[in-house]
Amino acid sequence: MDDRPPLSRRIRFLLLAWLRRTRSGRIEFVRRFGYKELVKATEGFRKVIYTNYHGSAYTAKFKGGEVALVKELKSLDLGRERFYEEVQLLGRLRHRHLLTLRGFCTARKRMLVYDNIENGSLKEHLNDPLKTPLNWKTRIQIVIGVAAALEYLLIFSSSDAQIYDVSVNSCNIMLDQNFTPKITDIRINRHTQSHPKTTNDACSEGSCADEECGNVIFQLGVLMLELITGQSSDRQGEDLIEWVQHSCIANSIDKMIDPDLGNSYNSRELQKVLAVARLCIKSRYEPPSFSITHVYRYLQKKIDVAS
């Protein structure tokens, strides 16, 4: 009897080993920005996109009209060398659905400068009547893109000494000129160094008993509800979940759908996404028996984004 692991798992382990080798060395393309340059680009840090307990993010407009995201970090207890290390680690991340780190600033404030955000945040498009309404196909592509990025982060975490933390909601997901979603709120969790590497490996492959992984799945479920209802969440998803469960689903599913969608959505796809969202939301209260990878692959298989 062959006791070797399945071919797909062996290939994945080889890929992780390759990632570890190719990510060694210094990152030369992350630029150092001047503090005055960022003050001017953000109009004195007045153009706030979102704020959470990790810091605030601002819209920045540089010379030539380029629009980017600047994030101010609240945690100043991190030594300079540790901050540089964090910049290096974040600068290595490369995925279509992650906002790319372009630079940093270590003057009066510690700041990270990210790539273009031409169409602003997802929350703006859900809440602002002056913004272009998102059609059903775009919303589905956003869900699948975010799930793909989360799987990528989990694979990187399982191949790295550091664990990547991520926050997922409509406030910190940016949209580029093609409405491609970009996750922006990623951090290095330095409190998990004693955790075994297999924690996040299991999270991407099989069951997800890890609390942080379960929280990410919960956030993905809330995001799905935001895209279905057109309502953004203000209390870590609890308000939206309460509204959906008690006000709408009990009476009619039609009452919970974003009016901006009209009748231009696939009802069978919506039912599938809603079913996945319900499963994801349960992970706040009990460890899920599935992973981000399972969610991503299911959505890819069941939803026709090309239609």
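Predicted model: local features only at pLDDT ≥ 70, side-chain atom pairs only at ≥ 80, totals over all residues.
Two strands are taken to pair if DSSP finds at least two bridges between them. With this convention, the bridge partner of K71 in strand β6 is L112, and this pair belongs to the four bridges that join strand β4 to β6 (residues 110–116), two strands that run antiparallel.

The protein has ten helices and ten strands. Of its 307 residues, 52% count as buried, and the protein exposes about 15700 Å², of which carbon and sulfur atoms supply 50%. Among contacts between residues at least 6 apart in sequence, 67% join residues at least 24 apart.

Six of the strands form an open sheet, in which the order is β1-β5-β6-β4-β3-β2 and the pairing is mixed. Strands β1 (31–32) and β2 stand at the edges and have a single partner strand each, so one side of each is left without a neighbour in the sheet. In general, the strands of a sheet pair through backbone hydrogen bonds, and they do so either in the parallel or in the antiparallel sense.

At one end of this order, β1 and β5 pair in the parallel sense over two bridges, and R32 has F104 in β5 as its bridge partner. Strand β5 (residues 101–106) then pairs with β6 in the antiparallel sense, over five bridges. Within this second pairing, C105 stands opposite M111 in β6, while L101 stands opposite Y114, also in β6. The two strands β5 and β6 form a hairpin with three residues between them. Strand β5 is mostly covered, and six of its six residues are buried. Helix α3 (residues 80–91) lies across β1, β4, β5 and β6, and the helix runs at about 170 degrees to β5.

Strand β4 (residues 67–73) is likewise described as mostly covered, with six of its seven residues buried. Besides its pairing with β6, which is antiparallel, β4 is joined by seven bridges to strand β3 (residues 55–61), and these two strands also run antiparallel. Strands β3 and β4 form a hairpin with five residues between them, and in the turn G64 has a positive phi of about 95 degrees.

When residues up to four places away in sequence are not counted, N52 touches K74 and D185.

Helix α9 (residues 267–281) and helix α10 (residues 292–302) pack at an angle of about 170 degrees, with their axes 11 Å apart. Angles over 145 degrees count as roughly antiparallel, and α9 and α10 are therefore roughly antiparallel to each other. On the α9 side, K272, V276 and C280 take part in the contact, where they meet V295, Y298 and K302 in α10. Sorted by class, this contact has four nonpolar residues, two charged residues and no polar ones.

For E43, which is not a glycine, phi is about 55 degrees; E43 lies in the loop between α2 (35–41) and β2 (48–52), where E43 is partly exposed, with a relative accessible area of 41%. For F179, phi is near 65 degrees, again a positive value in a residue other than glycine. The place of F179 is in the loop between β8 (173–175) and β9 (181–183), and F179 is partly exposed as well, with a relative accessible area of 22%.

Definitions and conventions
Residues numbered from 1 in each chain as written. Heavy atoms only, no water. Axes fitted to C-alpha atoms, helices over the stretch in contact; angles between N-to-C directions. Parallel < 35°, antiparallel > 145°, perpendicular 65-115°, else oblique. Contact = heavy atoms within 4.5 Å. Nonpolar A, V, L, I, M, F, W, Y, C, P; charged D, E, K, R; others polar. Buried < 20%, exposed > 50% of the residue type's maximum accessible area, 1.4 Å probe, protein only. Areas by Shrake-Rupley, 256 points an atom, 1.4 Å probe, with all protein chains shown as cover.
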